[in-house]
Amino acid sequence: MPTQDATSTIFAISGSLRRASLNTRLIDEAAKLAPDAFQFDIYESLGNLPHFNEDHEFPAPPEVDDLRRRVRAADALLIATPEYNASVPGVLKNAIDWLSRPAEGQPLPLTAKPVAIIGASMGPLGTVRAQLSLRQILQKVDAAVVRQPEFILAAAHTQLEAEGLGPDSATAAVLRSVLEQLQILIEA
Ligand SMILES: Cc1cc2nc3c(=O)[nH]c(=O)nc-3n(C[C@H](O)[C@H](O)[C@H](O)COP(=O)(O)O)c2cc1C
């Protein structure tokens, strides 16, 4: 358990590979709004992860070793998910599938790991279905997911593409609150 003034490492994943991704932008906004004690390790290799294949688990590909090591080293995860066809993008599910499998001599990296879910979409539903889907997946792998508040950002391009959230916006307040809840789970 980290002490009150210890630094917490947050491993942050955007579920989008798109260069101008709103969800990647959201991760950047979260890093700006986060408590000083949070240090972000932003994952930029989601697109390089091999497709999960049981035939290739032992030995695991080096990209998977790297992902597992960084998740294990982190105090918590922050996942920003886009919504693809009412669920999470396949690349994000692929990463979780790798993380859900045993590696020789190592504990499962997501077991009891604090995780906060956020998401942004251009449409009116703001990733609500993707987030429900992601919650179900993370429940299965026994992660400790922040329950409230939910951060669901509809019409995200109108807020994120121009100047970002701005520190005093109502949206920024909800995002800050999600991160505070994540800190509570880390310290629990
Ligand atoms: C394959 C695909 C499926 C999508 N399905 C949905 C959907 O079910 N619901 C939704 O609100 N938006 C959907 N969208 C739109 C995305 O939410 C939108 O492109 C969003 O900006 C993607 O996130 P990003 O900006 O982080 O890349 C879909 C986009 C793609 C490419």
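Start with contacts, meaning heavy atoms within 4.5 Å. In the protein, 80% of the contacts with a separation of 6 or more come from residues 24 or more positions apart.

A word on the source. This is a predicted model, in which local features need pLDDT of at least 70 and side-chain atom pairs count only at pLDDT 80 or more, while totals for chains, interfaces and linings use all residues. Residues are numbered from 1 along each chain as its sequence is written, and side-chain values use heavy atoms, with hydrogens and water left out.

Now the elements. The protein has 6 helices and 6 strands. Both are DSSP runs, numbered from the N terminus: helices are H or I with at least four residues, strands are E with at least two. Read from the N terminus, their order is β-α-β-α-β-α-β-α-β-β-α-α. The radius of gyration is 16 Å, close to the 16 Å that the globule rule gives for 188 residues, so the protein is as compact as a globular protein of that length. That radius is taken over C-alpha atoms, and the rule is 2.2 Å times the number of residues to the power 0.38. Along the principal axes, the C-alpha trace spans about 50 × 40 × 25 Å.

What about the surface? Of the 188 residues, 46% are buried. Buried means under 20% relative accessible area, exposed means over 50%, and partly exposed lies in between (1.4 Å probe, protein chains only).

Ser14 sits in strand E1 (residues 8-14). Why does Ser14 count as buried? Because its relative accessibility is 8%. Its side chain makes a polar contact with the side chain of Thr24, at 2.8 Å. A polar contact is a pair of N or O atoms within 3.5 Å; within protein, one must be able to donate a hydrogen and the other to accept it, and residues adjacent in sequence count only if both atoms are side-chain atoms. Leaving out residues up to four places away in sequence, Ser14 touches several others, including Ser21, Ile27 and Leu46.

Next, the backbone. A cis peptide bond joins Phe58 and Pro59, with omega about 0 degrees. Pro59 is in the loop between strand E2 (38-42) and helix H2 (62-73). Another cis peptide bond links Gln148 and Pro149. Pro149 lies in the loop between strand E5 (144-145) and strand E6 (151-153). Ala155 is not a glycine, yet its phi is positive, about 45 degrees.

Asn85 also has a positive phi, near 50 degrees. Its place is the loop between strand E3 (76-80) and helix H3 (90-99). Asn85 counts as exposed because its relative accessibility is 80%.

A backbone N or O atom of Asn85 lies 2.8 Å from a ligand nitrogen atom. A polar side-chain atom of Arg18 is 2.7 Å from a ligand oxygen atom. A polar backbone atom of Ala86 is 2.9 Å from an oxygen atom of the ligand. The protein covers 70% of the 620 Å² of accessible area that the ligand has on its own.

Definitions and conventions. Accessible areas come from the Shrake-Rupley method with a 1.4 Å probe; for residues, only the protein chains shown count as cover.
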